[in-house]
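Hello,

Please find below the structure that I promised to hand over, together with its sequence. Once you have had a look at it, read on for what was found in it.

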Amino acid sequence: VAAHRHVTCGGPDLVNVSWAGDTLSGVSEVVGGDPCLIYLTQPAGYRFEGVQVQGAELVSAAMEGPMRVVRLRSATPARVSWSVRYTRGGAAASAHP
C-alpha cells in the first residue's frame with residue numbers, strides 16, 4: 001500500500017491500514033480539491049471485488065500495470081475511510097469496481 005502525496009509514499013496520509021478476512025481497509029487524510037491516489041498490489045490468488053469509500057468520491061479503481069490505483073476526490077480536506085474487498089482463488093480482476 002502506498003499513496004502519492006509524500007516521499008514516504010503514504011507515511012503521513014495513510015492513517016490506519018489493516019487486513020480483516022478478505023478486506024483491506026484504511027483511513028487516509030485527503031487534501032481538498034486534490035486527487036488522492038492509493039496504490040495497491042494485487043495479491044496472488046485473490047480477485048478484486050470492489051471498493052467502498054466514506055467521506056470522498058470514488059473516481060476509479062483500475063489496474064495500471066501490476067498496481068491497482070484507487071482514485072479518490074473530495075472538495076474539502078477530509079479523513080476518508082476506504083475498504084477494498086477481494087475473494088480468494090479468482091482469476092484476474094476487472095478494471096472497475
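**Aromatic pairs**

There are four aromatic pairs in this structure, where rings of Phe, Tyr and Trp (its six-membered ring) pair if their centres lie within 6.5 Å, and where planes under 30 degrees apart count as stacked, over 60 as edge-to-face and the rest as tilted. One of them joins Trp19 and Tyr46, and because their ring planes stand at 50 degrees, with the centres 6.2 Å apart, this pair is tilted. Trp19 belongs to strand β2 (residues 14-20) and Tyr46 to strand β5 (residues 46-54), so the pair ties together parts that are 27 residues apart in sequence; helices (H or I, at least four residues) and strands (E, at least two) are DSSP runs, numbered from the N terminus.

Another pair consists of Phe48 and Tyr86, which is edge-to-face, with 6.4 Å from centre to centre and 75 degrees between the planes. Phe48 lies in strand β5 and Tyr86 in strand β8 (residues 78-88), so this pair ties together parts that are 38 residues apart in sequence. Trp19, Tyr46, Phe48 and Tyr86 form one aromatic cluster.

Are Phe48 and Tyr86 buried or exposed? Both Phe48 and Tyr86 are buried, where buried means under 20% relative accessible area, exposed over 50%, and partly exposed in between (1.4 Å probe, protein chains only). Trp19, with a relative accessible area of 47%, is partly exposed. Phe48 also has a charged neighbour, since Arg68 lies over the face of its ring at 3.6 Å from the ring centre (a charge sits over a ring if NZ of Lys or CZ of Arg is within 6 Å of the ring centre and within 35 degrees of the ring normal).

**How to read the model**

Please keep in mind that this is a predicted model, in which local features need pLDDT of at least 70 and side-chain atom pairs count only at pLDDT 80 or more, while totals for chains, interfaces and linings use all residues. Residues are numbered from 1 along each chain as its sequence is written, and side-chain values use heavy atoms, with hydrogens and water left out.

**The sheet**

Strands of a sheet pair through backbone hydrogen bonds, either parallel or antiparallel. Here, four strands form an open sheet in the order β2-β3-β8-β5, and their pairing is antiparallel (two strands pair if DSSP finds at least two bridges between them). The edge strands are β2 and β5, each of which pairs on one side only. On average, neighbouring strands of this sheet are turned by 15 degrees against each other, direction ignored; the axes are lines fitted to C-alpha atoms, for helices over the stretch in contact, and angles run from 0 to 180 degrees between N-to-C directions.

Going through the sheet, six bridges join β2 to β3, and Leu14 has Ser28 in β3 as its bridge partner. Eight bridges join β3 to β8, and eight bridges join β5 to β8, where Gln52 has Ser83 in β8 as its bridge partner.

Thr23 is placed in strand β3 (residues 23-30), and with a relative accessible area of 23% Thr23 is partly exposed. Leaving aside neighbours within four places in sequence, Thr23 is in contact (heavy atoms within 4.5 Å) with Ser18, Ser83, Val84 and Arg85.

**Salt bridges**

Side chains of opposite charge can pair when their charged atoms come close. How many salt bridges does the structure hold? The structure holds five salt bridges, each being a side-chain nitrogen of Lys or Arg within 4 Å of a carboxyl oxygen of Asp or Glu.

Among them is the one in which the side chains of Glu29 and Arg79 meet, at 2.6 Å from N to O. This pair links distant parts of the chain, with Glu29 in strand β3 and Arg79 in strand β8, 50 residues apart. Arg79 is also the bridge partner of Glu29 in β8. Glu29 counts as partly exposed at 30% relative accessibility, whereas Arg79 counts as exposed at 53%.

Another salt bridge joins Arg73 to Glu57, with the closest N and O atoms 3.2 Å apart. Since Arg73 lies in strand β7 (residues 67-73) and Glu57 in strand β6 (residues 57-64), the pair ties together parts that are 16 residues apart in sequence.

Best wishes
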